[in-house]
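Biologist: I am new to this one. Please show me how to read it.

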Amino acid sequence: MIQSTTNRDPQLREIWTGLARSQKSLPAKLFYDAEGCRLFDRICELEEYYPTRTELAIMDQSLPEMAAAIGPQALIVEYGSGSGLKTRRLLAALQDPVGYAPVEIAPEFLDLSTRQLRKEFPALEILPVCADFTRSFAVPRPKRTPQKTVVYFPGSTLGNFEPPEAKRLLANMAEEAGPGGGLLLGLDCVKPTDVLERAYDDAEGVTAAFNLNLLRRLNREFDGDFDLSAFAHQARYDSERDRIEMHLASRRDQQISVAGKRFSLRRGETICTEHSHKFRPAEFAKRAAELGWRLRRQWQDPQRWFAALYFELAR
């Protein structure tokens, strides 16, 4: 049985608050309904989108070392588990893990990946949690007592959070892992602007469809009245803040409504749907150390476009 702690009302308040700002915004977590998850899987296969294949190449090269760092009989808690492509490789490499707890906001996607994982790892206890991992949630206790709890957070999803939010999330992960616990984290690194902008604005338009699907979800689940043809996808790199910004630009002056609350948009005005911060691993490790996370191992590709970092908390 999948535990669910999602709630429409807090999400609606977030949506209204974001659309009322001078720079309108929508929470990026709303990307991931069933269609959004499907489109994101397609994005990960695109030639322009380097992060997934680069992280997988790092894993292929370094999985034995990652597994050795985690150690035997660990409980793996994955924040934003998605399709589980990287997870399968990690779980297969670990020594006698006691359980795997995927935390995912999209229930259909979580149910599908859970069923697939149970077929592939019949001896492993799978403990799915349907929740927004930025809010409080409970991980079921595995039948066997783990030697340590390790939070798995691949794909540089941490980059979607503003620095104060990322700091809170890392603090929550420390509380989840507990003394002696670990964190295996993916970070997308700072790199040339043209490489970054192509990755978030591909020639096939898959990322544009992914971005616009957020409005389709608002229409379906939050009584929105967005005309998707009245918006255009934009992706641009802010070099001062080391982040990609994804926007939906209004093609005309218009009124929009979500659950009965109306907002105005001028032609050319944008709704920001995602920030994707890029990192310098050494600087990040210093910030993580302030929260008790100590860097134990680091792996990167030859171009240093992506990094996988393993942290531990003191016992």
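Biologist: How many residues of S6 are buried?

Modeller: This is a predicted model, where local features need pLDDT of at least 70, side-chain atom pairs count only at pLDDT 80 or more, and totals for chains, interfaces and linings use all residues. Residues are numbered from 1 along each chain as its sequence is written, and side-chain values use heavy atoms, without hydrogens and water. Buried means under 20% relative accessible area, exposed over 50%, partly exposed in between (1.4 Å probe, protein chains only). Strands (E, at least two residues) and helices (H or I, at least four) are DSSP runs, numbered from the N terminus. In S6, six of six residues are buried.

Biologist: Which residues point which way from S6?

Modeller: In a regular strand, side chains alternate between the two faces of the sheet. Here Lys148, Val150 and Tyr152 point one way from S6, and Thr149, Val151 and Phe153 the other.

Biologist: Which strand do four bridges join to S6?

Modeller: Strands pair if DSSP finds at least two bridges between them. Four bridges join S6 to strand S7 (residues 182-188), and the two run parallel. Five bridges join S3 to S6, also parallel. Alanine 74 has lysine 148 in S6 as its bridge partner.

Biologist: How many aromatic pairs are there?

Modeller: Rings of Phe, Tyr and Trp (its six-membered ring) pair if their centres lie within 6.5 Å; planes under 30 degrees apart are stacked, over 60 edge-to-face, the rest tilted. The count is 16 aromatic pairs. Tyrosine 79 and phenylalanine 137 have ring centres 5.5 Å apart and planes at 75°, so the pair is edge-to-face. Tyrosine 79 is buried, at 2% relative accessible area.
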